[in-house]
Amino acid sequence: MKLTLPELRRDTPLVMVTAYDYPSAQQAERAGMDLILVGDSLGNVVLGYDSTAPVTLSDVIHHTRAVRRGAPETFLIADLPFGTYHTGLHDAMRAAIKILQETGADAVKLEGASPEVLEVIRVLTRNGIPVMAHVGLTPQTEVSLGGRKVQGRDEVGAQRIVQAALDVEAAGAFAVVLEVIPARLARLITEKLDIPTIGIGAGPYCDGQVLVYHDVLGVYDGEKKIAKRYAELGRLATQALSEYADEVRTKAFPTRENSFIIKDEVLDKLY
Ligand code: KIV
Ligand code: NA
């Protein structure tokens, strides 16, 4: 059964995973995920970019439509791509409405807590669009954060993240992702907020956790510190593909079982 927003507040930790297409969405729903995110990590793990910045609104819509078809019964959140909520409230509303209308997603997610982003959160939520916020390491603007590194380790940085979390809550966000911040800072924020915190690289004290599908399944050699690999699908896939190539080259595949028959009398007429 699909979660509703009030049900996000509860005792067992919330589980969220990203998905980008029909099969990953089906797997996530069958595995009982509370929340599925079509993250703009799409750019890195599916489209082969080296950041999330090139991901467009139509990329997110295209993939979210496939995810919704695979997971019709799971609360679905889609990332607002970089640039779609940075050019004014009107554009942000248009982008969010387009996502919800064209994909069937339940909510959108955006990054940051600047005065401009807070205003976007206020306007979207005031108009009935549920918004998940995202603070700490915000990949869309990671260049200006000094790269992919832990955020909020010194007093000024930590204070800024606490304030950002309080601000997105006050602006109306229904939940907030805390990315790559110290565990005890995430605990402090989780204690201060009423809305659920969902951590990635933010330790065990958050109200929920999120991981990227490809990291959970070990599709790449990539992420080691903040994710846990529960499978080695990348290795398995390469192995399987090499076996397939070998068998075609040695004529071990296809066999009679993979083939269709035609009657002798039909074939004889053709010779
Ligand atoms: O794009 C993404 O996958 C995300 C999660 C890691 C929170 O934003
Ligand atoms: Na994202």
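Select S41 to begin. Leaving aside neighbours within four places in sequence, S41 is in contact with T18, T52 and V212; two residues are in contact if their C-beta atoms, placed from the backbone, lie within 7 Å. S41 sits in the loop between β2 and α2. Here helices (H or I, at least four residues) and strands (E, at least two) are DSSP runs, numbered from the N terminus. S41 is buried because 21 other C-beta atoms lie within 10 Å. The scale is as follows: a residue is buried if 20 or more other C-beta atoms lie within 10 Å of its own, exposed if 12 or fewer, and partly exposed in between, with C-beta atoms placed from the backbone.

Before the next stop, note that this is a predicted model, in which local features need pLDDT of at least 70, side-chain atom pairs count only at pLDDT 80 or more, and totals for chains, interfaces and linings use all residues. Residues are numbered from 1 along each chain as its sequence is written, while chains are lettered from A and ligands numbered from 1 in the order in which they are written.

**The annotated binding site**

Now select D40, in the loop between β2 (35–38) and α2 (42–45). Is D40 buried or exposed? D40 counts as buried because it has 29 C-beta neighbours inside 10 Å. Apart from neighbours within four places in sequence, its contacts are T52, V55, V60, D79 and P81.

UniProt lists D40, S41, D79 and K109 under "binding site" in an unreviewed entry. These residues span 70 residues in sequence, yet no two of their C-alpha atoms are more than 12.4 Å apart, so they gather at one spot. UniProt positions are given in the numbering used here, feature names are shortened, and annotations may be inferred rather than shown by experiment.

**Around ligand 1**

Select ligand 1 next. Which residues are around ligand 1? They are T18, L37, G39, D40, S41, D79, H134, V177, I200, V210 and V212; a residue is near a molecule if its C-beta atom, placed from the backbone, lies within 6 Å of it. By class, this shell holds five nonpolar, four polar and two charged residues. Ala, Val, Leu, Ile, Met, Phe, Trp, Tyr, Cys and Pro count as nonpolar, Asp, Glu, Lys and Arg as charged, and the others, Gly among them, as polar.

**The annotated active site and its strands**

Move to E179, which UniProt marks as "active site" in an unreviewed entry. E179 belongs to strand β6 (residues 175–179), and it is buried because 24 other C-beta atoms lie within 10 Å. Not counting residues up to four places away in sequence, E179 touches H134, G136, L137, T138, I200, G201 and A202.

Display β6 and β7 together. They pair in the parallel sense over four bridges, where two strands pair if DSSP finds at least two bridges between them. The bridge partner of E179 in β7 is I200.

On to strand β8 (residues 208–211), which runs parallel to β7 and is joined to it by two bridges; Q209 in β8 is the bridge partner of G199.

Most residues other than glycine have a negative phi, and most peptide bonds are trans. Select V180, in the loop between β6 and α7: V180 has a positive phi of about 50° although it is not a glycine. K251, in the loop between α9 and α10, also has a positive phi, near 60°. V180 counts as buried because it has 22 C-beta neighbours inside 10 Å, whereas K251 counts as exposed because it has 8. Finally, select F253 and P254, whose peptide bond is cis, with omega near -5°.
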